[in-house]
Amino acid sequence: MEGVSEERKKSGPAIVVEVDGEDGPDPTAVSAESESTVRSSLWSPGSTLGEVLSLAASEKISLELSAGPWVVLRRFDPTERREPVFFISAGWFETMHVGDVLSLLQTLRRDGELVCAFGDCTKTLYMERGEIVSASSTLADDRLGQMLVARGRIDRDVLATAERAVAGGKRFGRVLLESGIFTQHDLYEAVQEQLERIVLSLFAYPKGSFVFSAKPLGSAISRVKLPKQLMFYVLEGSRQSDELQEALTNVSERMACFRTTGKAWTGEESESIGLERDVLAQIDGTSRTWQVLARSGWSETNTLMALARLLRAGVIEL
């Protein structure tokens, strides 16, 4: 639950809260074990929990569990059998590193969804027996087409043509196959790269929160096998984050100004050559970081990461 007060973060877990409608018991009545609390910071002073959740007279809701500031509320019909609550873990990446979260889930070998919330997007990893089998993201940069542009696999003209076909009802991958740009094998590798990119991108965010809910994955999830073991991505993501930390601090200053050094950018060591070329084109010696961010066409996080890689490579300087 983002945006909770510091008081709420420090409070103990609330175990069970049941709320009846207007004809039932007090909507704020709490049934809890010892040392369990429900803080009024969850709703405005003077209002009842029933009012906040817009419960009708016949509706009930229970607070299944709480982990730190995270609470799991479930609306239910008292006449129906309630399903058991599965294992749930939640927290902040500031206090538990993303690599530690992934390592823990792999050790537990559970099926479920790891939802990671950041300032500009939400990314979800789908896991079976502790291994990542799929991922989704609300960030446009993480779409297959944008990822292929960022990695220099296709240009923006190809992307625009494919997106027009997608608007007409075709799937993006099918367009690449029918146009002869990709083979079936190429497409599968591209989807693997997309999954890898989403996983590694989690390490680029200094702040965020996560919730893992253990449950069987549905058949609607398209499963893809990562080319390498999960621990490789944990180590690689941590390495990239550590190496770019100083440069990332410098480029994150919104009033910073950069100029090119004259050193050629070959992109030989970069997996995002298209992204870096787009960002490098915005460096003119007078534009501030905030102006580069506004013009880049990529998300803020990816633009800052590209600037950090260019700065570390000596292609641009303050």
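E236 counts as buried, at 18% relative accessibility. Here buried means under 20% relative accessible area, exposed means over 50%, and partly exposed is what lies in between (1.4 Å probe, protein chains only). The structure is a predicted model, where local features need pLDDT of at least 70 and side-chain atom pairs count only at pLDDT 80 or more, while totals for chains, interfaces and linings use all residues. Residues are numbered from 1 along each chain as its sequence is written, and side-chain values use heavy atoms, with hydrogens and water left out.

Back to E236: it forms a salt bridge with R239, and the closest N and O atoms are 2.5 Å apart. A salt bridge, in this report, is a side-chain nitrogen of Lys or Arg within 4 Å of a carboxyl oxygen of Asp or Glu. Side chains of opposite charge can pair when their charged atoms come close. E236 and R239 sit three residues apart in helix α8, so about one helical turn separates them. R239 is partly exposed, at 37% relative accessibility. Helices (H or I, at least four residues) and strands (E, at least two) are DSSP runs, numbered from the N terminus.

How many salt bridges does the rule give? The count comes to twelve salt bridges. Here are three of them, one per row.

| Salt bridge | Closest N to O distance |
|---|---|
| E236 and R239 | 2.5 Å |
| R254 and E300 | 2.5 Å |

The salt bridge of R254 with E300 links distant parts of the chain: R254 is in the loop between α8 and β10 (259-260), E300 is in helix α11 (residues 300-312), and they are 46 residues apart. R254 is partly exposed at 32% relative accessibility, and E300 is partly exposed too, at 42%. Salt bridges that share partners also join R151, R153 and E193 into one network.

E113 is partly exposed, with a relative accessible area of 21%, and K215 is partly exposed at 32% relative accessibility.

Helix α8 turns up again in a helix pair. Two packed helices are described by the angle between their axes and the distance between the axes. Helix α3 (residues 98-108) packs with helix α8 (residues 230-251) at an angle of about 170 degrees, their axes 10 Å apart. Axes are lines fitted to C-alpha atoms, for helices over the stretch in contact, and angles run from 0 to 180 degrees between N-to-C directions. The two helices are therefore roughly antiparallel to each other; angles over 145 degrees count as roughly antiparallel, under 35 as roughly parallel, 65 to 115 as roughly perpendicular and the rest as oblique. On the α3 side, G99, L102, S103 and Q106 meet L230, M231 and V234 in α8. Contact means heavy atoms within 4.5 Å.

Last, a look at S134, in strand β8 (residues 131-137). S134 is buried, with a relative accessible area of 12%. Leaving aside neighbours within four places in sequence, S134 is in contact with T124, L125, Y126, L195, I221 and S222. A polar atom of the S134 side chain lies 3.3 Å from the backbone oxygen of S222.

Terms used
A polar contact is a pair of N or O atoms within 3.5 Å; within protein, one must be able to donate a hydrogen and the other to accept it, and residues adjacent in sequence count only if both atoms are side-chain atoms.
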